[in-house]
Amino acid sequence: MDEQNNQEVQPLSWEASEFEVYHRDWKWYTVFVLVAGSILAYSIYTQQWLLAGVTVAVGVLLLVSGRLRPRQMSYRIDGQGIYINGKLFSFEQLKSFWLHDQDGKSYLNVISAFRLMPTITIQINAVDKETIKSILGKFLPESGRQNEDWIDKMNRFLRV
């Protein structure tokens, strides 16, 4: 990026939760135990020990993940890139972006140029979407995607 672009961008900062917390009621735990128990019983019956081990590991991870609480993260967009808790993701490291709304909340999604890095999803509720579009639009193309990422859909479905 040249210095002229850096000077033209008014930095935008905000704070938001690291991730969404979903309430798991007794129905969720009942379905979880039934599904995991069925898979575990099947894997033991068919002597699929790897499947049994994976089922137990995934079950423990899902239960432990429900106890995690989100940190309050700081975000900043300027002419250099996007900062998340002080860590810079420069525009050279990013491929594209899009904004979407889900369950009354607004999100910024950014696709990294690195193949194995997942989509970065940032909650932007109190921030003007048009301001974000105008800043990021100077450096990144807006993606045709307008929905949440499939990983986010799965997390919301599993209430992780």
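Biologist: Why is E18 called partly exposed?

Modeller: E18 has a relative accessible area of 28%. Buried means under 20%, exposed means over 50%, and partly exposed is what lies in between, with a 1.4 Å probe and protein chains only. E18 at 28% therefore counts as partly exposed. A word on the background: this is a predicted model, in which local features need pLDDT of at least 70 and side-chain atom pairs count only at pLDDT 80 or more, while totals for chains, interfaces and linings use all residues. Residues are numbered from 1 along each chain as its sequence is written, and side-chain values use heavy atoms, with hydrogens and water left out.

Biologist: What makes E18 and R71 a salt bridge?

Modeller: Their closest N and O atoms are 2.9 Å apart. A salt bridge is a side-chain nitrogen of Lys or Arg within 4 Å of a carboxyl oxygen of Asp or Glu, so the pair of E18 and R71 qualifies at 2.9 Å. E18 lies in the loop between β1 (12–17) and α2 (26–45), and R71 in the loop between α3 (49–65) and β2 (72–77), so the pair ties together parts that are 53 residues apart in sequence. The helices and strands named here are DSSP runs, numbered from the N terminus: helices are H or I with at least four residues, strands E with at least two. R71, with a relative accessible area of 47%, is partly exposed.

Biologist: Why would two such side chains pair in general?

Modeller: Side chains of opposite charge can pair when their charged atoms come close.

Biologist: How many salt bridges does that rule give?

Modeller: The count comes to four. One of them joins the side chains of D101 and K129, at 2.8 Å from N to O. That pair links distant parts of the chain, with D101 in strand β5 (residues 94–102) and K129 in helix α4, 28 residues apart. D101 has a relative accessible area of 47% and is partly exposed; K129, at 26%, is partly exposed too.

Biologist: What makes K133 and E142 a salt bridge?

Modeller: The closest N and O atoms of K133 and E142 are 3.7 Å apart. That value is within 4 Å, so the pair counts as a salt bridge. K133 is partly exposed at 30% relative accessibility, and E142 is partly exposed at 38%.

Biologist: Why is S143 called buried?

Modeller: The relative accessible area of S143 is 14%. This is under 20%, so S143 is buried. S143 sits in the loop between α4 (129–137) and α5 (150–158). Leaving aside neighbours within four places in sequence, S143 is in contact (heavy atoms within 4.5 Å) with S96, F97 and W98.

Biologist: And F139, buried or exposed?

Modeller: F139 is buried, with a relative accessible area of 12%. F139 also belongs to the loop between α4 and α5. F139 and F91 are 48 residues apart in sequence and 6.6 Å apart in space, C-alpha to C-alpha.

Biologist: How do you know that β3 and β4 pair?

Modeller: Two strands pair if DSSP finds at least two bridges between them. Strand β3 (residues 81–84) and strand β4 (residues 87–90) have four bridges, in the antiparallel sense, so they pair. G81 stands opposite S90 in β4. The hairpin has two residues between the strands, and there N85 takes a positive phi near 50°, although N85 is not a glycine. At 40% relative accessibility, N85 counts as partly exposed.

Biologist: Thanks! Finally, how many helices and strands does the protein have?

Modeller: The protein has five helices and seven strands. Of its 160 residues, 32% count as buried. Among contacts between residues at least 6 apart in sequence, 62% join residues at least 24 apart.
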